[in-house]
Amino acid sequence: MSQQSDQFKRLVAHCKEYGFIYQSSEVYDGLAAVYDYGPYGAELKNNIKRYWWRAMVDMHENIVGIDAAIFMHPKTWKASGHVDAFNDPLIDNKDSKRRYRADVLIEDHIAKIEGKINKEVTKAKKRFDNFDEKMFRETNGRVKGYQEKINAITERLATAMTNNDMEELKAIIVDLDIADPDTGSRNWTDVRQFNLMFSTQLGNIAGTEGKLYLRPETAQGIFVNFLNVQKSTRQKIPFGIAQIGKAFRNEIVARQFIFRMREFEQMEMQFFVRPGEEMKWYEYWKEVRMKWHKALGTPDEKLRYHDHEALAHYANAALDIEFEFPFGFKELEGIHSRTDFDLASHSELSGKKMQYFDPELNENYVPYVIETSIGVDRMFLATMSQALVNEVVPGSDDPNNKRDVLKIPPALAPVKCAILPLKRNEEAIVNKAKDIFNQLKLSFHCQYDDTGSIGKLYRRQDAIGTPFCITVDFESLEDNMVTIRDRDTLKQERVSIEKVAEIVGKKVDMKHILA
Ligand code: GAP
């Protein structure tokens with residue numbers, strides 16, 4: 001097993017064992033690509049959402065938040081283009097009866113060739129002392145050949161996707177001799193478009209008239225409320241509307257745990273600007289959003305921008321902020337310049353003008369929009385995959401003395417502080433620890449735990465990422481002092497009980513990362 005997939009499996013197992021994420025309806029063997037968040041997962045998810053909301057809404061006077069309904073008038077999805085264009089190219093294997101995304105099959109083929117290049121590089125690295133990787137990639141015949149193949153396939157794929165050319169996608173699969181990854185069969189159907197929206201039926205209207213969709217993005221709830229929000233809050237352009245909420249997509253390829261789910265949550269912000277100023281604001285939000293990620297301590301080399309070559313039907317520029325997940329660099333957040341596409345389409349289909357009167361220019365116009373859109377679940381996965389470390393216990397000389405620790409940024413940690421009595425059978429210690437817990441719980445999410453030996457309790461708190469443990473012992477009864485243990489350094493300090501809230505508060509306050 002590769003180190004990467006090994007690390008990913010450990011992460012998935014850790015999430016289940018420690019109450020972060022469970023497979024949905026597990027007692028019935030689960031429902032594919034749908035997950036439930038357990039007690040610590042729900043806390044972490046809430047903290048991620050709070051960090052986003054604080055940074056986007058509370059920190060910007062010109063951004064306001066809303067909470068729109070999941071169900072929307074079906075015409076919404078006609079206007080937005082989702083009924084006609086929110087499709088993935090689907091291909092079935094006639095023998096295995098398995099269904100794949102045609103573009104993903106081709107991308108996986110490209111990844112295999114990339115794997116061959118990486119093998120060549122690794123081999124050469126071992127052979128030469130002063131190895132120059134860039135030079136090697138540019139001059140080695142075999143590597144150059146592989147790279148040319150990748151470039152040619154990538155270009156063919158991009159053209160086929162831009163032109164919605166299903167025949168060409170099938171032709172690429174046949175030309176590259178791509179087989180069903182599970183069975184090896186090459187007996188493929190034609191490629192056809194598959195709409196990703198889930199639909200349901202309104203109770204009191206029969207037939208297509210009553211057909212409703214579960215929203216595939218939260219953004220449309222913002223667009224249709226543009227005038228309501230602008231008028232009721234008297235915002236002046238440029239201004240933004242933010243929203244956090246569930247979205248649903250009938251993904252064909254649903255894999256990699258919570259990376260691609262059928263029910264997920266988005267944090268989206270639409271920023272309304274003057275037409276012609278959209279590229280300035282696109283650059284602005286590109287920088288601001290990257291800073292938001294880095295403020296959590298994510299190292300530079302784990303994040304990168306990826307400009308889109310094929311643009312969605314509504315965009316005139318788009319990029320992803322990619323994160324290096326255990327399975328490689330993948331999209332974490334999208335930043336899109338959506339032009340006036342959505343507001344103009346809703347105006348046209350509804351017959352209601354969605355314009356803004358700009359008092360400075362003394363004219364009416366349909367604003368242009370820059371969108372920032374990030375999946376809560378993907379941010380959760382990025383946070384967890386970066387945080388989970390298996391390390392030799394700090395200070396130990398024994399290389400086998402290891403611990404699993406979640407080094408989650410303290411402001412996002414599910415539990416901020418655990419209060420642990422040294423002896424669970426000593427009533428006076430237990431009472432004192434419970435008193436401290438009852439005080440601290442007024443300030444943060446804390447946990448009282450006396451279910452094991454102190455060593456076991458520490459390990460458990462490390463595994464759920466608690467930044468501080470407070471131990472109450474016999475001496476505490478005399479001197480009103482406790483031991484405070486730091487999750488990352490394992491340094492232990494004796495401090496007065498009155499000081500605990502201040503010490504913990506300083507470290508876990510979101511203020512520091514927001515500033
Ligand atoms: N409103 C624009 C929009 O929805 P998108 O790139 O399709 O754009 C935005 O989605 C973000 O939503 C992605 O960057 C990703 O973080 C998250 N996302 C999209 N599909 C997802 C899925 N099936 N499972 C989990 N997260 C998803």
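Select K286 and E283, whose side chains meet in a salt bridge at 3.8 Å, N to O, the term standing for a side-chain nitrogen of Lys or Arg within 4 Å of a carboxyl oxygen of Asp or Glu. The two residues are three apart in helix α11 and so separated by about one helical turn; K286 is buried at 16% relative accessibility, whereas E283 is partly exposed at 38% (buried is under 20% relative accessible area, exposed over 50%, partly exposed in between, with a 1.4 Å probe and protein chains only). This is a predicted model, in which local features need pLDDT of at least 70 and side-chain atom pairs count only at pLDDT 80 or more, while totals for chains, interfaces and linings use all residues. Residues are numbered from 1 along each chain as its sequence is written, and side-chain values use heavy atoms, leaving out hydrogens and water.

Next, select D358 and R274, which form a salt bridge of 2.7 Å, N to O. This pair links distant parts of the chain, with D358 in strand β14 (residues 356-358) and R274 in the loop between β10 (263-273) and α11 (278-294), 84 residues apart; helices (H or I, at least four residues) and strands (E, at least two) are DSSP runs, numbered from the N terminus. D358 is buried at 2% relative accessibility, and R274 is buried at 18%.

Then move to R378, which lies over the face of F259 at 3.7 Å from the ring centre (a charge sits over a ring if NZ of Lys or CZ of Arg is within 6 Å of the ring centre and within 35 degrees of the ring normal). Finally, select R289, whose charged end sits over the ring of W292, 4.3 Å from its centre.
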